[in-house]
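Subject: Structure for your files

Hello,

Please find the structure below, followed by notes on what was found in it.

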Amino acid sequence: MDVFRYLTAGLLLVSVSTVRAAEIDFNRDIRSVLSDKCFLCHGPDETTREVGLRLDDRENAVEYGAIVPGDPAASALIERITSTDPDLVMPPPSTDKAMTPEEIEKMRLWIEQGAKYDQHWAFVPPERPELPSVKNQALVRTPIDNFVLARLEKEAMSLSPTANRSTLIRRLYIDLTGLPPTLAERDRWLNEPADDWEAHLVEHLLASPHYGEHWARWWLDAARYADSDGYEKDKQRSVWFYRDWVINAFNSNKPYDDFVIEQIAGDLIPKADQQSRVATGFLRNSMVNEEGGADPEQFRVEGMFDRMDAIGKAILGLTTQCAQCHTHKYDPLQQSEYYRMFAAINGFHEAITTVYTPEQQERRQQIHARMKSLEEELKARFPNWKDELREWEKQLTTRQVEWQTVVPTDIPFEGQKFRILEDGSVLSESFAPAKSTVVLGATLPAQEIKAVRLDLLTHSQLPHNGPGRSLYGTGALTEFEVNVTPKGGKSQKIKFVRAMADFNPAESRLPDAFRENDAENDHRVTGPIEYAIDGDKKTAWTTDIDPGRRNQDMHAIFVPEKPLAFEDEFTISWRLVQNHGGSNSDDNDSYIMGRYRFSVTDEEFPAEQTIPNPVEAALETSAEERSPQQWNALLHHWRKSRPELAEVNAEFEELWTSYPAGHSQLTAREMEESRQTFVMERGDFLSPGDEVTPGAPSFLNPFEDTDAPDRLDFARWLVSRDSPTTARAIVNRVWQAYFENGIVSTPEDLGSQSPPPSHPELIDWLAVEFMESGWDLKHLHRLIVTSNTYRQSSSASAERREKDPNNTLLSRGARFRVDAEVVRDIALTASGLLNTELGGESIYPPAPEFLFQPPASYGPKNWPISPTDQQRRRSLYVHKYRSVPYPPLQVFDIPKGDAACVRRTRSNTPLQALVLLNEPQFVSFAQALTKRLLTERTGSDADRIQYGYQLALSREAAPEEVEVLTDLLDAQRKRIAAGELKLDLLVESEFCPSEEQRPEFAAWLIVARTLLNLDETITRQ
């Protein structure tokens, strides 16, 4: 024991003497210790601050007496951290934290040197440092090497030798495109004679469409991308347009500042188009809760918290989430400042927009062009068309009546929630049942009622901006009933004898999406407004006219058998029976109305048909003040009344029926008036505190040229040149993708709790270079992959690994298992099955059916197996349920998409080997690889094994590797000859149709499965 004590003391003396030999730097040596062990009780958050002492603030610490600059002995801080009294020592034993002797000595020396504080390095805008000089200048290919080599030379080390060409080719392909090279590509670059072959290869890969796919996947982790809502129901959502927008943004090398701005505020930029609006899907990738008991506002706020977290992690590199409940305990982010940023993005509708593919866009343009041409022909045919319309509208005006809006006050409490909007309409939110009967009521004063009106109105947060809540934005009204109850009397149901609507579709079969499980016996139909009062539960009035006109304001008017007269106040209730949905509300088969408004009138309604909403609005506007759109609305309604225009009207109808349906995409759409924002006590939306306005945290760059920033100002603020963290955060994450660790090992947090950068000057140089290049991501990639730092071999001696065990000094190339999607894509490429089609809807490869049925899933989930060629597309396109991640990818640590992820975990489990060997898709990939070995290469077994190595590992096999696999092959042949293996279970006819070849195919299949299961096959090195 005495010997051990003396040895320990000696080591401490050596450590302390080393500390004394160097100048203490606050950010490098002190801040992280104080942050980890002191700031919780003596930091920025006043709610947890003890005895009024702040150790994150020099003035407070000195005034308190905790620090006496130049005099450690008089400093209470030193006294407390060196105390042996458990009641006095700091940190308290209950925290399970303690200062090490080296940390104590650094604290003592720091105070002795004057206790200088510095602002945290990440909160100071980066400036370009000078390139450090190095002894071995011959090893420098890009400025990156200056920084890395200078650090290595301080440790008496140097860069590792350059990896061989074969390794570099595969490394570059996997890093830049996420795919290994095909054999032809490998051979091309192995035989490239140019001295600058690497530069040519890098440019070739940066220009590949697969570059955008690979780096889009990397960004989508941070963007929380998934194809479902999450939470209990985890309903499917159509959001793949956003995924494709990200792919295209990377392929077109969209500047990163524009890339960020469009995702935060693309709908607000001048001349915003479909693509700009689709970009705001970044904000909408948050989970959506449609449980029956969910409060819409609560989960809107939860979504806002998620957006703030994603912006913090992905863009700012800060843990903003800590401040939603209280002031940040480690960084100088006040809770009020968090909510000022929150306020800047708190003013948008959670819209579900209709978007179109390029082919659909072209068809729309053709239709609109033809309609415009027909309009011009009409106006030419009737030169005085406006005068004719003025005369004609006099007839319409006589049919107009005054309507009194009835605002419901008796609102049901159920899973579906109802919000009363400013215009008195009712908006259905949260849970969307497949079928619904809604009863809403109000008390009215004495009056006469001669007709009632139901307006179905659009709203940004309804699917396709439609009046309904179906996946098409439509709804169906099975029965419309109104009951009245005189004061003190009995309730009576109004008998309607006439109904009219501005849109009356013909009778049609119920769309497949809403049919019952027993579809053949489901005889429900939809059609005109009369179906809403016919008493038949199998018929319904629908808002679904055609894809071009289904999602607009419309209304229906119902006339009772006789006028209703009330001499005293009475109650009126509206009963909307909506029974035309499907049988599973968790599968988007709701067919109910989304927004509606009720009105009554005491005037006679003489017309046999009603006037469309846009025409009503035009009639209420004087001719002199009408907009061109209002004149066109009148023109189109007028032409339908002219018998001589039957052919024109028929062509218009034909054009509308050929209109493309489009797809839905979650987007942000700015509100006319932004919401108020309050500090939420403990992050509780029911506990609002002080109101706040948009603003920036004081420790970051200020907003420029505006006292009232909107979401677009906020987006531009994020990527302004004087932002201290934004450029550092993105270059650090890109660096991490290449070297497994970032220059700062916590990419989501560059703040006080983060470990210091391994190469602080390098991260600043890269940040400045990136911004001054025009935020050019391809330039950043080019800089990294052409450096000698990147080109190093990942092999290293025991001595090198001992000196740099975690490769923090970058003394060798990085070696790590590739991400989940790349694992599958490598096998697809080696097998020759990869379908390289770019973009489009998500795919459904084979998966165990039980995963999508209760109890594995909350409710039945949709997983229609895709056609075979679609199954073999890149893993980026595999449909992603948040609650049921695709198993072959989940095993390899794919994120679920429930929160922003800027650093994946990388596990290593036996289950991964079982997936590579036995999962049905991987068995098929091995079958296809076997077919290639037997049909594309003739010759000896050794030749075919060599070919297999080239296909799977992009290199030649060593003699001993060939020998091992030859022995394995011979052993399998013997087992098959002995009848030990069942060939029917091993061989699929798609890949081996010949019965005679099956024994040999099965033996080679074992070899192919082995090749795809090798550690090196799924390793980037």
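Strand β8 and strand β14 (residues 539-542) run antiparallel and are joined by 2 bridges; strands here are DSSP runs of E with at least two residues, helices are runs of H or I with at least four residues, and both are numbered from the N terminus. Two strands are said to pair if DSSP finds at least two bridges between them. L477 has W541 in β14 as its bridge partner. These strands belong to an open sheet of 4 strands with mixed pairing, in the order β8-β14-β13-β12. β8 (476-477) and β12 (508-509) are at the edges with a single partner strand each, so one side of each has no neighbour in the sheet.

On conventions: this is a predicted model, in which local features need pLDDT of at least 70 and side-chain atom pairs count only at pLDDT 80 or more, while totals for chains, interfaces and linings use all residues. Residues are numbered from 1 along each chain as its sequence is written, and side-chain values use heavy atoms, with hydrogens and water left out.

Other sheets

A further open sheet has 4 strands in the order β5-β17-β9-β10, with antiparallel pairing. Its edges are β5 (436-444) and β10 (492-493), each with a single partner strand, so one side of each is left without a neighbour in the sheet. β5 is joined to strand β17 (residues 570-578) by 9 bridges, and the two run antiparallel. In β17, F570 is the bridge partner of L444.

Strand β7 (residues 451-456) is mostly covered, with 6 of its 6 residues buried; buried means under 20% relative accessible area, exposed means over 50%, and partly exposed lies in between (1.4 Å probe, protein chains only). In a regular strand the side chains alternate between the two faces of the sheet. In β7, A451, R453 and D455 point one way and V452, L454 and L456 the other way, and all are buried. β7 pairs with strand β18 (residues 595-601) in the antiparallel sense over 6 bridges, and A451 has T601 in β18 as its bridge partner. β7 is also joined to strand β15 (residues 554-560) by 5 bridges, again antiparallel. The bridge partner of R453 in β15 is I557.

Helix α18 (residues 358-381) has 24 residues, which at 1.5 Å a residue should span 34 Å; the end C-alpha atoms are 34 Å apart, so the two agree. The expected span is 1.5 Å times one less than the number of residues. Q360, I367, M371, L374, E375, L378 and K379 of α18 are buried. The cover over these buried residues includes β1 (348-355), α19 (385-398), α21 (628-639), α22 (646-657) and β19 (663-670).

Two of these covering elements, β1 and β19, run antiparallel and are joined by 8 bridges, with E350 partnered by A668 in β19. In β19, 6 of its 8 residues are buried.

From helix α22, L655 touches I367, R370, M371 and L374, not counting residues up to four places away in sequence; contact means heavy atoms within 4.5 Å. L655 is buried, with a relative accessible area of 11%. L655 and R370 are 285 residues apart in sequence, yet 8.4 Å apart in space, C-alpha to C-alpha.

A helix pair

Two packed helices are described by the angle between their axes and the distance between the axes. For helix α33 (residues 920-935) and helix α37 (residues 998-1012), the angle is about 115 degrees and the axes are 8 Å apart. Axes are lines fitted to C-alpha atoms, for helices over the stretch in contact, and angles run from 0 to 180 degrees between N-to-C directions. Residues of α33 in the contact include F922, F925, L929 and L933, and those of α37 include F1001, W1004 and L1005.

Backbone details

Cis peptide bonds join M90 to P91, with omega about -5 degrees, and P854 to P855, with omega about 5 degrees. P91 lies in the loop between α5 (76-81) and α6 (101-112), and P855 in the loop between α29 (820-831) and α30 (868-871).

V51 is not a glycine but has a positive phi of about 50 degrees. V51 sits in the loop between α3 (39-42) and α4 (58-64) and is exposed, with a relative accessible area of 57%.

Regards
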